[in-house]
Amino acid sequence: MNENPAIQLKNLSKRFGSLTAVDGVDLTIAPGEVVALLGPNGAGKSTTIDLALGLANPTTGTASLFGDDPRTAIVEGRVGAMLQGGALMPTMTVAQSVALVASVHRHPLSVAEALERARCTEIAKQKVSKLSGGQMQRARFAVAVVSNPDLLILDEPTAAMDVEARRLFWQSMQEFTAAGRTVVFATHYLDEADTYADRIVMLAAGRVVADGTPAEVKAVVSGRRIRVTFDRTWDAALAAALENMPGVRSVEARGSQATIVTDDSDATLRSLLVAYDDAHDIEVTAHTMDDAFLALTSKSTSSTTSSRTSNATPATTPANGVRA
Amino acid sequence: MSIAYIRLESFRQLKNARLLIFSLAVPLVMLFAFGGSFGGSGQIDQTTHLPWIVVTTLQMAAYGAMIAALSQSFNIVTERSIGWNRQLRITPLSGTGYLISKVVTAMALAIFSILVVVAVSVLSFHPHLTVGAWAAAIVGIWLGVIPFALIGILIGQFAKPEYAQPLFMVCFMGLSLLGGLWVPLQIFPQWVSNVAQVVPSYWLNRLGQMGARLDGDWLTPAIVLVAWAVAFGAFIIWRYRRDAARS
């Protein structure tokens, strides 16, 4: 059996002039895994994918697919991809596009089968220029699977899709992964990563900031933020007391106002109100993924690697969620 | 190399009616305008000693072939701007294979355009020329188109969508003028004609005439056209390698 990882990135970096798009990424994805690359826009997801596919040359580091140079794996037809800015020609029909790509592969699926797998049979004869956003993505999926690949890389596959189209898309994806194939998809929807991936790799500012099961990563990403004002002046003792309250991850103060990030806002609030009767103007908001990204990025400057074996644990502070 | 891909790609474009009208309409209209008014009664051109209608037919065939080959640039620009070429990069199709498919397609469109112009002329004006001479003229023009297919690819590789059209026009008009496709070079001083011989479009027309007369020195055009083809080809491959990354 082939024990080579489907994807192996070692110390991968890419700089465009002064901008570092990918900054020392180490990542190993085993055959059969379904992995979400989660991150905000500009996190380096697309560039990482380009590097993994050999479409861009890394500034440092190496990328290999199935233990080989990416190009070798592509030539063998083991890799299919839906890229950002990789669209179909508007003058062709869906079936023609699939047939054209199939014609360059050595052992492609039949055009009809690729269309069926991507739920494109009814739109096969339609011109690409006439497709809706969701239909377009399905057509691109048909093109990506026509080589019958072992590894599928999808860059924001459900962008421009409505809820129903998204459901249909993931349904066809699950048939594909059920056969034990590897899928890596980039997304900025946490719920999508959570529902369809069995592993989430979070990227921010070109680095891997968290890597683990959806439950583990969600613990880092989720949480509540309590904003509270005190009548007393802020001091270190107060900060320490707040940090020791149940569920609290971090405390930040500005003047007499504190922002508490907590995993269990109910428990924190109970203790807070009991301990401090001068606490007022309390506001509880959901800790958004953007907040989590920000927190993780600002504290991840020393982090280098993240791998499957040293998963992010449900963290007490975001910084601890980032494992070196 | 994928023969199946090249076949699908060139047939796809041959079926693109808009492109065909674009490369055929102007040469055909001009064939009837000039050929009909000056060459309809069998006058002989003094420079080439060919029937005037044959000279005009070959000129228009060359013209149409040149447009057909250069117009490949629009296709490539579209493919690049849409990202279709990125999609192709994650297939076994090599960079060389992609470029060869474009050359083959350009050459297929060119021969189609040449054949239509010649056929229309033969059916409408019945010029006096043997089948062999026509065949040699057609092959001559067709070989002469190779540098233009490469120029078309180069424009396609370099131009942003909004600049493809002007660049096409500059190359097309400049080469037509310098190569004497519009104004006979005899009206210029001798040195202009000498210089014009390094321009590929000069030979595009001359090769047709030489073919029609079934004589002439083939060495000079062969050297000039091969030199251009090699130079453009090297430039194209260099550019293709640089273009690999998404910027």
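Buried means under 20% relative accessible area, exposed over 50%, and partly exposed in between, with a 1.4 Å probe and protein chains only as cover. This is a predicted model: local features need pLDDT of at least 70, side-chain atom pairs count only at pLDDT 80 or more, and totals for chains, interfaces and linings use all residues. Residues are numbered from 1 along each chain as its sequence is written, and side-chain values leave out hydrogens and water.

**View 1. Chain A as a whole.** Chain A holds 11 helices and 13 strands. Both are DSSP runs, numbered from the N terminus: helices are H or I, at least four residues, and strands are E, at least two. Of its 324 residues, 53% count as buried.

**View 2. Helix α1 of chain A.** This helix spans residues 45-52. Eight of its eight residues are buried, among them A:K45, A:T48 and A:D50. Just after α1(A) comes A:G54, with a positive phi of about 75°.

**View 3. Chain A against chain B.** Here 30 residues of chain A are in contact with 23 residues of chain B; contact means heavy atoms within 4.5 Å. The two chains bury about 2,500 Å² between them, which is the accessible area (1.4 Å probe) lost on being put together, summed over both.

View 4. Which side chains meet in a salt bridge? They are those of B:R86 and A:D50, at 3.2 Å, N to O. The rule asks for a side-chain nitrogen of Lys or Arg within 4 Å of a carboxyl oxygen of Asp or Glu. Across this interface it finds one.

Note on methods. Chains lettered and ligands numbered in written order.
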